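The following report describes a structure for a reader who is new to the subject. Please keep the sequence and the model in view while reading.

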Amino acid sequence: MNEPAREWPASAVRQVEADPHAIHRLFPQAERRGGPGTRRALLRALRGDLAVIRSLYEAGDSGERLAILTALHELDLDGTAVALVEDALRTNDARLVAAALGPYGSAWLSDHAYRQGVLKCVFMSIPLTAVAGLERRFDAELARMLADYAAELRAAGRPVPADVLERI
Amino acid sequence: MRIFDPHVHMTSRTTDDYRRMYDAGVRAVVEPAFWLGQPRTNVGSFLDYFDALLGWEPYRAAQHGIRHHCALALNPKEANDPRCAPVLAELPRYLLKDSVVAVGEVGYDSMTPEEERAFEAQLALAQDNDLPVLVHTPHRDKAEGTRRTLEVVRAAGLPAGRVLVDHLNELTVGMVADSGCWMGFSIYPDTKMDPGRMVTLLKEYGTDRMLVNSAADWGRSDPLKTREVADAMLAAGFGEDDVDQVLWRNPAAFYGQSGRLHLDPGLGSGSEAGSEAGSEAGSEAGSEAVQDYAGNTIRRG
């Protein structure tokens, strides 16, 4: 806390550029010491180092994982980090699930995983406007899955969410 | 009334408990890492537990309008198992996390050399990471254990104000009061302290540096015991400000020393110790937090 917050991000980025493994110590404290956006800057400084990004994700708390998931599409990874998105889709944390269906997940998840992810959003009350690329990836199978879910809700006397109704 | 339970093992509690705690006025908790009923046998078991205290549990708490922070450590009992002790090497990276507000619970269980080594090593980790420490005192041979605890803390060179010594009773409160450390009391249905005896100690020792917790876990315990103490204090003639000091401002000030404690601004914080945010306004802010999209989904996908 001795270092002024405005110098912290630039200094941290330099350290990561010099040694990618320095990010393991810097990333957890980056937002509280460097302010908003510092984690994203550190991730960019990794220049697409998948092994470090993966271990950072695996050692991360929810905030760190969220920062990684939302930055994945900017990190020059192509489809190599899709396992991280699949991991996030297995959690029960709506923030992580929504982030998993951001631009990166939309670009690289398989059709099956993407459809399951969209349906999981509906279950978790995550608005479908939060799902990236839905218009582009929407297909007949996803429409069928949503329609079946709507039928299940109606059978139970429960309301069908508006964002589901307008897509079936 | 706003309540901060500075020691409760929510991992072992149900979602209904969160709702009942919210209704009773609980708006913030600290969950220290401890043993489960079943002994752990490997380091990975600790890591999943720490991850839950940093991930799932605060998320679950937020859905019920309660702010959750944690303290992390290798607990004294499992420090005796050579299969578990290597988790000490993993702790430094965990102590950097945003919602870690202390090292704990550390201390003695059976007062073995292994426990003492882990205790001392973790006091050093607390100093390295600028974190306060939550110290468990043993249930067997408590007075002697508390004396030795205070000696270890003194020898480590930690400022007394950075240390909370917990599970105190009539026989151990005096030496901790004299040490300058914060004093913690666990209120239980049958063992440890009860609300009536707690009020007696508050009358004798005052309300400074005094913290009350439910220490609710997987045993016979009750997460609403903090509220019972608040009600017993009022019935015994303490004012609402005294209750707010013991049940909110003291834990907020102690854990606030980490620089990582984030409480709902509508409920005030340790640094605004004297100001009254107003308990009515506070509960409304909490209800709104429950409605908030980011924390509202209790459904499972």
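A residue is called buried if 20 or more other C-beta atoms lie within 10 Å of its own, exposed if 12 or fewer do, and partly exposed in between, with C-beta atoms placed from the backbone. By this rule, 34% of the 168 residues of chain A count as buried.

This is a predicted model, in which local features need pLDDT of at least 70 and side-chain atom pairs count only at pLDDT 80 or more, while totals for chains, interfaces and linings use all residues. Residues are numbered from 1 along each chain as its sequence is written, and chains are lettered from A, with ligands numbered from 1, in the order in which they are written.

**Chain A**

Helices (H or I, at least four residues) and strands (E, at least two) are DSSP runs, numbered from the N terminus. Chain A has 13 helices and 0 strands. Its C-alpha atoms fill a box of roughly 60 × 30 × 25 Å along the principal axes. Two residues are in contact if their C-beta atoms, placed from the backbone, lie within 7 Å. Among contacts in chain A between residues at least 6 apart in sequence, 60% join residues at least 24 apart.

**Nonpolar cores**

A nonpolar core is a set of buried Ala, Val, Leu, Ile, Met, Phe, Trp, Tyr and Cys residues joined through C-beta atoms within 7 Å. The largest such core has 80 residues, and Leu164(B) is one of those with the most contacts inside it. Helix 10 (residues 240–256) of chain B gives the most to this core, with 7 residues. Another core, of 38 residues, lies apart from it and includes Ile68(A) and Ala71(A). Leaving out residues up to four places away in sequence, Leu164(B) touches several others, among them Pro132(B), Trp182(B) and Phe254(B).

**Two helices of chain B**

The axes (lines fitted to C-alpha atoms, for helices over the stretch in contact, with angles from 0 to 180 degrees between N-to-C directions) of helix 5 and helix 6 of chain B come within 10 Å and cross at roughly 40°. Angles under 35 degrees count as roughly parallel, over 145 as roughly antiparallel, 65 to 115 as roughly perpendicular and the rest as oblique; helix 5 and helix 6 of chain B are therefore oblique to each other.

| Helix of chain B | Residues that meet the other helix |
|---|---|
| Helix 5 | Glu116(B), Phe119(B), Glu120(B), Leu123(B), Ala124(B) |
| Helix 6 | Val152(B), Val153(B), Ala156(B) |
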